[in-house]
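Here is a walk through one chain, residue by residue where that helps. Have the model open next to the text and click along.

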Amino acid sequence: MALIGAVAAANPRTVVVLMGGGAILSRSWDQQVPGLLLLWYPGEQGGHALADVLFGAVSPSGRLPFAIPARETQLPPFEPRAPRVHYDLWHGYRRLQRQGEVPAYPFGFGLSYSRFELSDPAAAVHTVSEVAQGSVELALTVANVGAMAAAEVVQVYLEPPGVLLERPRRTLVGFQRLSLNAGERRRLSLTIPLRHLACFDPQRDAFVLEAGVNQLVFARHADDAGLPVGVELEECCLGP
């Protein structure tokens, strides 16, 4: 941390590259540098890949598969010698959103050297009687309005009615990666099975679709306001 601060003070164009397989707390120093790259465990060609990104030959397009906390107190309690551990829905970004906590970097977050615009969201529901288990067909226009070719990862989050029982405020239900040249625009289609919108009702021992408007939000990460499109569903039991 002291080394990063000293280097950043000497060179304001410092980029910090982190190598690791999980969340690394960085909020105590990452505002001191203009660039931060999580390299994961890149393998023997990692140096070449890093150079391509740092020198602008390739735009970064990775997205976080977890939220990175802003501080240790946002992490759940951990007891390495506990004889029993209880797991439920409330972990990761869903736990943070439930508690009103803001992470350093949200689930699904990632930057690009280009810029993308999302527009014209649409949805059509195929009910259980029409297609086995049913689905929602989503469509969205994605435009690369930046100066270089890059890939965008369009993410779809469910915001359920949450009347039947308590549910996460948002849950990722689908995503698709799309590579576009500079200035290119394309209509993207995604199929979301209705099972992905259901919740488990212990009283019926089955997955159930909640009646009412279920918001499906096209977003860049779990905390992005995004573009919502609502689908009206009837309550339906999808079975175990």
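Aspartate 205 counts as exposed, since its relative accessibility is 52%; here exposed means over 50% relative accessible area, buried means under 20%, and partly exposed lies in between (1.4 Å probe, protein chains only). You'll find aspartate 205 in the loop between β8 and β9. Its phi is near 55°, a positive value in a residue other than glycine. Most residues other than glycine have a negative phi. Tryptophan 40 also has a positive phi, about 55°, although it is not a glycine. That tryptophan 40 sits in the loop between β2 and α2, and with a relative accessible area of 29% it is partly exposed.

A word on the ground rules: this is a predicted model, in which local features need pLDDT of at least 70 and side-chain atom pairs count only at pLDDT 80 or more, while totals for chains, interfaces and linings use all residues. Residues are numbered from 1 along each chain as its sequence is written, and side-chain values use heavy atoms, with hydrogens and water left out.

Now the overall layout. The chain has three helices and twelve strands; these are DSSP runs numbered from the N terminus, with helices being H or I over at least four residues and strands being E over at least two. Its C-alpha atoms fill a box of roughly 65 × 55 × 30 Å along the principal axes. Of the 240 residues in the chain, 40% are buried.

**Salt bridges**

How many salt bridges does a search of the whole structure find? The search turns up ten, where a salt bridge is a side-chain nitrogen of Lys or Arg within 4 Å of a carboxyl oxygen of Asp or Glu. Side chains of opposite charge can pair when their charged atoms come close.

| Salt bridge | N to O distance |
|---|---|
| Aspartate 30 and arginine 27 | 3.1 Å |
| Glutamate 101 and arginine 71 | 2.8 Å |
| Arginine 204 and glutamate 235 | 3.0 Å |

Take aspartate 30 and arginine 27, which form a salt bridge. Aspartate 30 is buried, because its relative accessible area is 4%, whereas arginine 27 is partly exposed at 31%.

Next come glutamate 101 and arginine 71, whose side chains meet in a salt bridge. This pair links distant parts of the chain, 30 residues apart: glutamate 101 is in the loop between α3 and β3 (116-126), and arginine 71 is in the loop between α2 and α3. Glutamate 101 has a relative accessible area of 23%, so it is partly exposed. Arginine 71 is partly exposed as well, at 41%.

Then look at arginine 204 and glutamate 235, also joined by a salt bridge. Arginine 204 counts as partly exposed at 37%, and glutamate 235 does so at 45%.

There is also a network of salt bridges, which links Arg63, Glu152 and Arg220.

**Pockets**

The largest pocket holds about 950 Å³ of space. A pocket is an open set of points on a 1 Å grid over the protein atoms alone, with protein on both sides within 12 Å along at least five of seven lines, and a lining residue has an atom within 4 Å of a point. Grid points are joined across faces, edges and corners, and the volume is the space filled by probe spheres set on the points.

Which residues lie nearest the centre of the largest pocket? They are Leu36, Leu37, Leu38, Pro60 and Leu111, out of 35 lining residues. The elements that give two or more residues to this lining are β1 (15-18), β2 (35-38) and α2.

The second largest pocket has a volume of about 420 Å³. It is lined by 13 residues, and Pro76, Pro77, Val85, His86 and Tyr87 are the closest to its centre.

**An exposed phenylalanine**

Finally, zoom in on phenylalanine 55, in the loop between α2 (46-54) and α3 (92-98). At 75% relative accessibility, phenylalanine 55 is exposed.

Note on methods
On a 1 Å grid over the protein atoms alone, a cavity is a set of points where a 1.4 Å probe fits but cannot get out, and a pocket is an open set with protein on both sides within 12 Å along at least five of seven lines; lining residues have an atom within 4 Å of a point.
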